[in-house]
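These are my notebook entries on the model shown below. I kept each entry brief and looked up one topic at a time.

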Amino acid sequence: MSDALATITAFSVGLGMMFGYTIWVAIELRYEHARQRAAQLASRASERDAVATEIKPRGTVRVS
Amino acid sequence: MDRWREWGVYSYWGLTLLTLCVGVALALRAPVHEVMGPIQKLLYLHLPVAVNTFLFAIVVFVASVGYLGGRRQVWDDLAHAAATVTVLNGTVLLLTGVVWAKVAWGHWWMWSPRLCISLILWLLYSVYLASRARMRSPHHRAVFCSIYGVVAFLDVPLLYLTVKLLPDIHPTESGLTPSMYPALWTWFAGITLLSVGTMVTRFVLGRSSLRRWEELPARTVGGTASGGPR
């Protein structure tokens, strides 16, 4: 292996590892935020459904 | 607020990429070392990752002491994020080191004091991360890892003393000429920006996961209510 090739390989693998890990963590963070947002929306929707089922008709309006 | 934060994050990573691109250009333009040849250019990556390994080991130490002092989870999360970056930088340090050793000395590895203590440093922080993954109780994990983080840090001054006191095949002088310094400083800035950015991203991820854990409804496991860590 020539010196230049060894240098380029070591640079590429080293930087690739550092950036690769960073990108992986960033994707995981995005996924985590998306999951939290989805959980929040689901919780709000279930609260809304609960309120809607609690509303009951209070009687009939008689029109004379 | 979110838009400003997003803008800040993109600017930070843009600056990091730009710094590293300028670093690559400067490294290509820098003169080739008369004795060592092109392999000497690995110093632009090898030296910054070595310094960053020590810097983030110091962060692990400070955060571990912080946790032991105040028992606040944020310190443990910081120590975890810093340990990850220590191992990452240490891996690149060893990788560039063995390639350089093969070209310069004809061997991938020499059992010299400095190389051995660098390997021990990498192993210590790798074991730190592996232990974290194995322990389930957040409180016990934080206490154990904080004590471990303080003890593991002893390897850093030991490595420094080895450089100063023991004879070694590994050179102490960088052998750089003044025209090579701009490339080296740019690489220092780029690698430090990349490492800090990775640590902050890992820290935010740890905090987000913790928040989700805390929001889980308390369950009864084995007769005791288990909630998230405080």
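I counted 7 helices and 2 strands in chain B; helices are DSSP runs of H or I with at least four residues, strands are runs of E with at least two, and both are numbered from the N terminus. Along the sequence, I read the pattern of chain B as α-α-α-α-α-α-α-β-β. The C-alpha atoms of chain B fill a box of roughly 70 × 45 × 25 Å along the principal axes.

I noted that this is a predicted model, in which local features need pLDDT of at least 70 and side-chain atom pairs count only at pLDDT 80 or more, while totals for chains, interfaces and linings use all residues. Residues are numbered from 1 along each chain as its sequence is written, chains are lettered from A and ligands numbered from 1 in the order in which they are written, and side-chain values use heavy atoms, without hydrogens and water.

I next looked up the packing of helix α4 (residues 113-134) of chain B. Its axis lies 9 Å from that of helix α6 (residues 155-165) of chain B, at an angle of about 170°; axes are lines fitted to C-alpha atoms, for helices over the stretch in contact, and angles run from 0 to 180 degrees between N-to-C directions. The pair is therefore roughly antiparallel, the term for angles over 145 degrees. Contact means heavy atoms within 4.5 Å, and the residues making it include Ile117(B) and Leu121(B) of α4(B) and Leu158(B) and Leu159(B) of α6(B).

I then turned to helix α5 (residues 138-152) of chain B, whose axis comes within 10 Å of that of α4(B) and crosses it at roughly 180°. α4(B) is therefore roughly antiparallel to α5(B). Among the contact residues are Tyr125(B) and Tyr128(B) of α4(B), and Phe144(B) and Tyr148(B) of α5(B).

Which side chains meet in a salt bridge? I found Arg35(A) and Glu32(A), at 2.8 Å from N to O; a salt bridge is a side-chain nitrogen of Lys or Arg within 4 Å of a carboxyl oxygen of Asp or Glu. Because Arg35(A) and Glu32(A) are 3 residues apart in helix α1 (residues 3-54) of chain A, about one helical turn separates them. The count over all chains comes to 4 salt bridges.

Note on methods: Angles under 35 degrees count as roughly parallel, over 145 as roughly antiparallel, 65 to 115 as roughly perpendicular and the rest as oblique.
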